[in-house]
Every structure is written in C-alpha cells, then in structure tokens.
Amino acid sequence: RARVAAVVVALVAVPVLLVVVLRPLGVTAGPVPADWAVVACDVGQGDALVVRSGPRAAVVVDVGPAGAAAGSCLDDLGVERVDLLVLSHFHADHVGGLEAVLRGREVGRALVSPTAEPSAQAERVLGDLADAGVPVQVARPGETGATGTAGAGGTAGAAGAGGSGESVDDGASWEVLQAGPGDANDASVALLVRVAGLDVVALGDLEDAGQAALARTLGERGTGPVDVVKVAHHGSATQSDRLAQVLAPTVALVSSGENTYGHPTDRALDLYRGVGATVLRTDACGTVALVVRDDVLSAAGCG
C-alpha cells in the first residue's frame with residue numbers, strides 16, 4: 001500500500017486544487033500532474049473514473065450524464081484509447097456521456113451490467129457501442145484482464161515518475177468483483193483495478209443488498225485494505241459499515257454534483273473518514289487526480 005506524503009505538481013492543463021492526502025493542512029491551486037494514475041472527472045451529478053493504462057490509454061469506469069464533460073476530461077488527460085470501458089449500470093448519470101467519450105477514441109472493449117434496465121436506455125447504449133464497433137461483454141464476477149506490460153505478462157520497468165518500479169504507463173490489471181443480480185443499482189459492476197501499485201475499487205451505485213454481498217465476498221477472500229475507493233452511489237446515505245471497514249481505503253473518492261438527493265450525505269462522509277480515509281469530492285473540488293511517485297501517494301484535489 002502506497003505511503004502517503006506531500007503534494008506533487010506537474011504539467012497537464014486540467015485546473016484543480018491541490019491538498020496533501022491525509023494531512024489537509026492547506027489548499028493550493030494547480031494542474032493535474034502529467035503522471036496521474038487515477039482521476040475522478042468532474043461530470044456533475046454522475047460518475048466517470050479514469051485509471052491510466054498506458055501513455056495515452058486508460059480504463060474508464062462510467063461516462064457521466066449526457067453532455068461533453070466526460071469526453072472533455074479524457075481529452076484534457078490526453079486519453080486517445082480506452083483499453084476497457086466499464087458501464088457499471090445503465091442509469092443516465094453513468095452512461096449519458098457515452099457519445100462524447102466514443103468520439104475520436106478507440107475503445108478496446110466494453111463490460112456492461114447484466115441487468116439491462118432501464119430497457120430503453122440500455123438499448124440505446126448497446127446500439128451506440130455496436131455502431132462504434134466496440135466489442136461488448138456482460139460482466140461476470142471473477143473475470144479478469146490486463147493491459148500494456150501487465151497484459152503481456154512482463155515485469156514493470158523503472159517508473160517514469162521517480163523509479164518506484166511500477167510506472168503508471170506499465171499497464172493496469174482489473175477484476176470484476178461483483179455484477180448482479182438485482183435491480184439496476186444493485187446490479188452495478190463492482191471493479192478492482194490495479195495501477196502503479198494502487199488497488200482501486202469502484203462501487204457503482206450499489207445499494208444495501210449489493211454492498212452486503214460484496215462485503216461478504218471480500219471478507220471471505222481477505223481483500224483489503226485498499227488504496228482507493230470510488231464510494232457507492234455518489235455518497236448516498238445507503239452505505240455498508242462492514243464494506244467500508246473491509247476496504248478501509250486511504251482515499252475515498254465521491255463523485256457528485258448539484259442534486260436534490262442530498263448527495264453526498266454526512267453519513268457516507270463520516271463513515272469513510274471513520275475508517276481512516278481522506279474523502280475527496282468532485283462537487284467541492286472539481287476534477288480529482290491521484291499520483292504515485294517513489295511509492296508515495298499524493299492527490300490533486302481537496303478534502
């Protein structure tokens with residue numbers, strides 16, 4: 001698990017605020033580091049998580065609501081190829097921005113939720129992926145894959161950002177932790193991605209049943225603690241204490257925007273802070289990025 005230390009700054013022109021992870025002593029304006037490893041794009045009330053898998057490639061989990069926000073974030077990050085596109089479920093705030101993400105980018109393949117609800121929206125999304133020539137698979141628990149050096153089965157070379165031994169450009173590996181059954185939210189694809197020595201877990205919009213099932217699975221296999229969690233359902237009040245305790249992340253990312261649901265809730269924020277996480281919110285910070293240098297995890301964003 002990466003050690004936590006001071007803020008790092010490099011040059012990619014995506015404006016955000018900078019703060020020291022787990023030591024929020026001050027907030028300073030600055031850009032996303034050029035060697036970013038994980039980015040929670042500011043897409044308003046929705047999700048779009050980007051995990052670097054190559055110099056201009058990424059694993060992308062969800063694409064936010066309708067509009068250009070997710071596509072613009074990928075443009076700003078220099079992502080030209082999406083090695084893996086994961087659509088956790090078919091609600092509009094997770095799949096609405098698909099058109100902008102597909103435009104001008106190659107997509108290796110897509111993983112989608114096994115529950116095709118709402119049906120009209122699922123049909124549209126699947127049609128758009130087919131029109132773009134993107135191979136689509138229904139996500140299955142235990143399914144794994146990798147990209148770049150990780151996908152080739154090689155060992156990581158010297159890190160481009162400081163010699164940690166595993167560079168953000170050495171590729172990423174991933175595993176489907178859970179994918180349905182259930183209603184649309186509880187059928188969210190829960191994904192574990194490993195990049196630059198970080199374990200990143202994305203929870204989609206899992207509700208009570210889905211989070212409880214995942215907590216049991218991870219507890220039985222001894223998974224956790226992890227480095228990063230994308231908190232379920234934009235920080236809604238429906239959060240599993242047990243799942244948060246099992247994951248016990250260093251950083252909890254909450255992706256939300258202006259809404260009438262009260263997201264993120266004090267319940268969610270206090271829960272993850274209570275297990276030792278620094279909580280970084282896109283509604284308060286805009287785009288949030290994480291970077292690893294010399295096995296040190298730092299953040300561009302605010303708590």
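Tutor: Let's begin with burial: a residue is buried under 20% relative accessible area, exposed over 50% and partly exposed in between, using a 1.4 Å probe and protein chains only. As for the ground rules, this is a predicted model, where local features need pLDDT of at least 70, side-chain atom pairs count only at pLDDT 80 or more, and totals for chains, interfaces and linings use all residues. Residues are numbered from 1 along each chain as its sequence is written, and side-chain values use heavy atoms, with hydrogens and water left out.

Student: Why is glutamate 175 called buried?

Tutor: Its relative accessible area is 18%, and the label applies under 20%, so glutamate 175 counts as buried.

Student: What makes glutamate 175 and arginine 221 a salt bridge?

Tutor: The term needs a side-chain nitrogen of Lys or Arg within 4 Å of a carboxyl oxygen of Asp or Glu. Here the N to O distance is 2.8 Å, so the pair meets that limit. Glutamate 175 sits in strand β12 and arginine 221 in helix α6, so the contact ties together parts 46 residues apart in sequence. Those names come from DSSP runs numbered from the N terminus: helices are H or I of at least four residues, strands E of at least two. Arginine 221, at 40% relative accessible area, is partly exposed.

Student: How many salt bridges does the whole structure have?

Tutor: A search finds 13. Another one joins arginine 56 and glutamate 80, whose closest N and O atoms are 3.7 Å apart. Arginine 56 is in the loop between β5 and β6, glutamate 80 in the loop between α1 and β7 (81–87), so this pair ties together parts 24 residues apart in sequence. Both partners are partly exposed, arginine 56 at 46% and glutamate 80 at 49%.

Student: How do you know that arginine 81 and glutamate 106 form a salt bridge?

Tutor: Their side chains meet at 2.7 Å, N to O. The pair links distant parts of the chain, with arginine 81 in strand β7 and glutamate 106 in strand β8 (residues 106–107), 25 residues apart.

Student: What makes the link of cysteine 41 and cysteine 73 a disulfide?

Tutor: A disulfide is a pair of cysteine sulfur atoms within 2.5 Å. The S to S distance here is 2.1 Å, so the pair qualifies. Cysteine 41 lies in the loop between β4 and β5 and cysteine 73 in helix α1, 32 residues apart. With -75° about the S-S bond, the link is left-handed. Both cysteine 41 and cysteine 73 are buried, and the search of the whole structure finds one disulfide.

Student: Which residues of helix α1 are buried, and how do you know that they line one face?

Tutor: They are Ala70, Gly71, Cys73, Leu74 and Leu77. Seen down the axis of α1, they fall within an arc of 160°, so they line one face of the helix; that arc is taken over the directions from the helix axis to the C-beta atoms. They pack against β4 (36–40), β5 (49–54), β6 (57–61) and α3 (98–102), where contact means heavy atoms within 4.5 Å.

Student: Which strands form the open sheet, and what makes a strand an edge strand?

Tutor: Seven strands form the sheet, in the order β11-β12-β13-β14-β15-β16-β17, with mixed pairing. The edge strands, β11 (144–146) and β17 (278–281), each pair on one side only. Pairing requires at least two bridges found by DSSP.

Student: Why is aspartate 62 picked out?

Tutor: Most residues other than glycine have a negative phi, and most peptide bonds are trans. Aspartate 62 has a phi near 75°, a positive value. Aspartate 62 lies in the loop between β6 and α1 and, at 2% relative accessibility, counts as buried.
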